[in-house]
Amino acid sequence: MSLIENLNWRHAVKAFNPNKKVSEENIEKIIEAARLAPTSSGLQQFRIISISNQEVKEKLVQGALNPDSMKDCSHVLVFAAWDNYTAERIDKVYDFTTEERGLPQGRFSSYTDMLKKVYLDLPDEVNFAHTSRQTYIALGLALAQAAELKVDTCPAEGFDNKIVDEVLELDKMGLKSVSLMYIGYADDEKDWIKPMKKVRIPRNEFVIDVK
Ligand SMILES: Cc1cc2nc3c(=O)[nH]c(=O)nc-3n(C[C@H](O)[C@H](O)[C@H](O)COP(=O)(O)O)c2cc1C
């Protein structure tokens, strides 16, 4: 199936079958699609917490807009972004990149100096808004990869960030939750939205052609 066919196939699932688990092989492919996402300055300013532990999922049910999905899905991916930019975080990424590419250390120092000048004096919340935005391309690619594997998903911002951050102790990693992705196989009887038509505004309204 083509990418477009897969994107037409997928939908934001409202109910998952608790007895059907997604294979670790497929979960790894979905995560890999997210890992390969482009990010601003290549900083990969976020991490993914992959949760299959039922007890942990139960702790996150409270505050979830889709509590049954949290409980019944096979895996939940939490997209969590850096809570701020720091010189150490920027340097760590670029030291690693330089090493991986076999380049002399400091090869990108004028660029990282520029990044530090741009970010380090900005308020934490402005920087977090920027790091958070970086997660969404990864979320999109992960959704598309899951669709290719015929694995059901639902992206979600409807949850209590405070609870998720606390349960996963994200502050210890300098992270804050941004979005979730429920992964599993739909419960065809309870997933009330499945029979409904996928609706998108028509192409001509969606695109402003400048020719
Ligand atoms: C960033 C983001 C956050 C979303 N949050 C939720 C959510 O909390 N709960 C939910 O049921 N659906 C959520 N959705 C799903 C959307 O409602 C859904 O993608 C949209 O209605 C289009 O339907 P489709 O994905 O089935 O084509 C979210 C989607 C995105 C992209």
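1. Helices (H or I, at least four residues) and strands (E, at least two) are taken here as DSSP runs, numbered from the N terminus. On that basis the protein chain contains ten helices and four strands, in the sequence order α-α-β-α-α-β-α-α-α-α-β-α-β-α.

2. The model is a predicted one, in which local features need pLDDT of at least 70 and side-chain atom pairs count only at pLDDT 80 or more, whereas totals for chains, interfaces and linings use all residues. Residues are numbered from 1 along each chain as its sequence is written, and side-chain values use heavy atoms, with hydrogens and water left out.

3. On overall dimensions, the C-alpha trace of the protein chain spans about 55 × 55 × 35 Å along its principal axes. The chain exposes about 12,400 Å², of which carbon and sulfur atoms supply 54%; accessible areas come from the Shrake-Rupley method with a 1.4 Å probe, and for residues only the protein chains shown count as cover. Of the 211 residues, 43% are buried (buried means under 20% relative accessible area, exposed over 50%, partly exposed in between; 1.4 Å probe, protein chains only).

4. Contact means heavy atoms within 4.5 Å. Among contacts between residues at least 6 apart in sequence, 80% join residues at least 24 apart.

5. Helix α2 (residues 24-35) has twelve residues and reaches 16 Å from its first C-alpha to its last, close to the 16 Å expected at 1.5 Å a residue (the expected span is 1.5 Å times one less than the number of residues). Its buried residues are Asn-26, Ile-27, Ile-30, Ile-31, Ala-33 and Ala-34. They lie on the same side of α2, because they cover an arc of only 155 degrees around the axis (the arc is that of the directions from the helix axis to the C-beta atoms). These buried residues pack against β1 (46-51), β2 (75-82), α8 (135-148) and β4 (175-184), while the face turned away from the buried side carries the exposed residues Glu-25 and Arg-35.

6. Asn-66 is situated in the loop between α3 (54-61) and α4 (67-72). Asn-66 counts as buried because its relative accessibility is 15%. Neighbours within four places in sequence aside, Asn-66 is in contact with Lys-14, Gly-158 and Tyr-182.
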